[in-house]
Amino acid sequence: MNETLSDHAAQALEWPRLLDLLAQHAQSTIGAARCRSLSLSSDLEAARLRQQETTEMVRLLEGSDPMPLLTFPDIREHLTRSRKGGALEAGELRDCVVVLALMAEVERYAESHKDETQALAHVLSPLHSTTSLRGILRAIEGAIQADGSMKDTASPELRRLTHQAQDLKQEMRQRLEQILHSKRYEEVLQEAYFVQREGRYVVPVKADMRGRIPGILHDVSASGATIFLEPRELVELNNSIKVADLEIEREVHRILRELSGLVASKAEDIGRGIESLAECDVIRAKAEMSRRLKCNPVVLNEQGRVVLKQVRHPLLLIAKDQVVANDIHMDETIRVLVISGPNTGGKTVTLKIVGLFALMVRGGLHLPCASESEMALFTDLYADIGDAQDLSRDLSSFSAHMTHMIRLLSEGAARPTSNDCSAPRSLVLLDEPVTSTDPQEGAALAEALLCRLAELNMKVVATTHYGALKELAQTTSGFANASVEFDVEQLAPTYRLFIGLPGGSSALEIAGRLGMDHSILNDARKRLHADNQRLDELMADLQRKQRQLAEDTEKAQKARQEAEQAAREAQALRAQLQEAEQEARRGIKKKIGEQFQRARAEVQATVDSLKREQKLTKAKEIRERLRELETLTREELAPAGKPIPLEQLGIGDTVEIVGLSMTGSLLEAPQGKKRVRVKVGEGEVLATVSNLVGLAGESVPAPPVAPSESTRRFSTGGGLGLDEQTVLDVRGLAADEALDQVVAALDRATLSGAPYLRIIHGHGSGRLKSVLREYLKESPYVAGFRPGDRAEGGDGVTVAKLR
């Protein structure tokens, strides 16, 4: 047998399905492709190293600083084309930037986690040579935007050409504005706007007025009522703009060729970095799958020792919520394990588990079993599972199986053997060998086959219904029995595996439960040999006792776990009781929050009335209502115990800022002031004195600290920050949306007593500014307004003074 896995064995074990599952956890297309064609190690040390790589990656992902996401585009074709002298597009260069930036990020990460990446070091080492690529990264980043477009500052010439084109287009817009507002064009224009057609600026002219304006026709509307005309007076300027755009295009192409040459000069280094990122992505996918399936690394050996505890089939873990775990024990003394039991009892599942685990450890995957498990490294694997009938080759099921067995024996005999107890390197999985023929002859041939495979130093796991094979396993050195359990009362497999016990097929019992005529079943029992009947009864009795023992053990473990859980719950109870008071306060605060919601609804109703009646008195009334609510809130949120009156508070006293759930110490005395500085954590809060409640307790001396730029400060006014009350940014909004926000902001600013509101609307076409200022003229809140000065944003800002 070859050390590569045959397609027949891979399909029989559903290995491709497992690799597809692995690929789903990859973050790059290259990584996913490599997962689907995962390489397998034939050397023990290499397999251990790959498993350790996965273990380290799991620890990194579960740590406080996980490895960066390994999502990156496949730029290998870009590298090949650049090496052949081709020019890459701006978007392709952007992809190169993504890859180069990720290489640098992962390299920095690896450097800062040296001690945690001992096994991963050889995978990450190629990234250390990517330091020389940072110049290319900076060059491309300096020229290409994140969206894949070229920056205007990519070169001095491009900057000059861009500015030239912008000046020409600005002149064009000015000329067009003159045309749109000219009395000469007033009657002929369909609407007062301009557009571009084929890169040239045109205006919409009424079709029946075409002869009134000389120019070049570029397009006609779908209805035919409008023609898009380039007036003769704009032709020369349009030509200049076209020439400027072509010069920009030539300069952009030159820059792209220059940057492509830089990529080509380091294509080999970039290629090695991509290989490293892809391998990291594969290892990360293994780690993610390990976490998802709750897998563990296991001890690997070359002695043929298979000691698996609490094993579960990985594909069943994906498909089902509950999977029965079993132990599989095949130490060095067992060469052949014979699994028997009823159909649908889980024999084939156990067979596939051993086969998949043998492949998984060679691929560096963790196994869904207990961490104290052991798995042997098998370099060759043969699996004959399912119906091998091949009508295209005129092979019956028996003939096809025999053909596979003959090839297996031939390849096994060709390998050098010795009489010592050398470790087996081949794993053979046989699902009911030598069936579809005379049972006596088939059983005899199966016995001879298993004995020969053992002589050839192969590790064999076989399922069977043959009593002769069960007897062989029970009486022959190097052989062992195992059985799966089937609940004949429930007609359902329990999937429990018992090592050391043969199992009966329970065919008559299952047939009876399915509804077979009892007279037929009784006739069948009479035809059975008495010895066979007693043997089946004995095996059933042994299984029942084994099951009872397992259940008793499970109950004892569960009782112990419940006792430990009770102890933990008792310890946690004290902490829960300590949290009870805080929970009660949170409930009160929630209630107050609901009151505020109702108050806001009342405010909104009053504001709506104010908009209709245009009376400022309504706003004053609602401000008084809010103050009443604040007083009630302050009383309900007051801390337990008698609060300290404001007139008795001094520097260093502990206070609570009502409404913000903040506690801090005073940095200045509150007497005679509207706002004072309060130290909260490492920062300061400028709090309204009326919102402070003194807390009983020791004072914390704190000398006044002069405000500085480095001090983190906040401001409170009615529970909202001052900036939130006095600044509103409506840039990019439609006029109606902006107007709604301005009305709401004026409401809030007036209610909080703010003296002004600064509205940032930008320049744009000027329409938004006009709409907002027209409204401010009529607003009952506004005493006056003015454009912002240069420091405030100029004419792109309107400052409203409130009444």
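Which residue stands opposite Phe228 in β4? It's Asp219. Before going on, note that this is a predicted model, where local features need pLDDT of at least 70, side-chain atom pairs count only at pLDDT 80 or more, and totals for chains, interfaces and linings use all residues. Residues are numbered from 1 along each chain as its sequence is written, and side-chain values use heavy atoms, leaving out hydrogens and water.

Let's start with strand β4, residues 226-231. Strands (E, at least two residues) and helices (H or I, at least four) are DSSP runs, numbered from the N terminus. Two strands pair if DSSP finds at least two bridges between them.

| Strand | Residues | Bridges to β4 | Sense |
|---|---|---|---|
| β2 | residues 200-206 | four bridges | antiparallel |
| β3 | residues 215-220 | five bridges | antiparallel |

Lys206 stands opposite Thr226 in β4. The hairpin of β3 and β4 has five residues between the strands, and there Gly224 takes a positive phi near 85°.

Now hop over to Ala738, in helix α23 (residues 735-752). Ala738 counts as buried because its relative accessible area is 0%. Leaving aside residues up to four places away in sequence, Ala738 touches Val730, Leu733, Leu768 and Leu772; contact means heavy atoms within 4.5 Å. Ala738 and Leu728 are 10 residues apart in sequence and 9.6 Å apart in space, C-alpha to C-alpha.

Notes: Buried means under 20% relative accessible area, exposed over 50%, partly exposed in between (1.4 Å probe, protein chains only).
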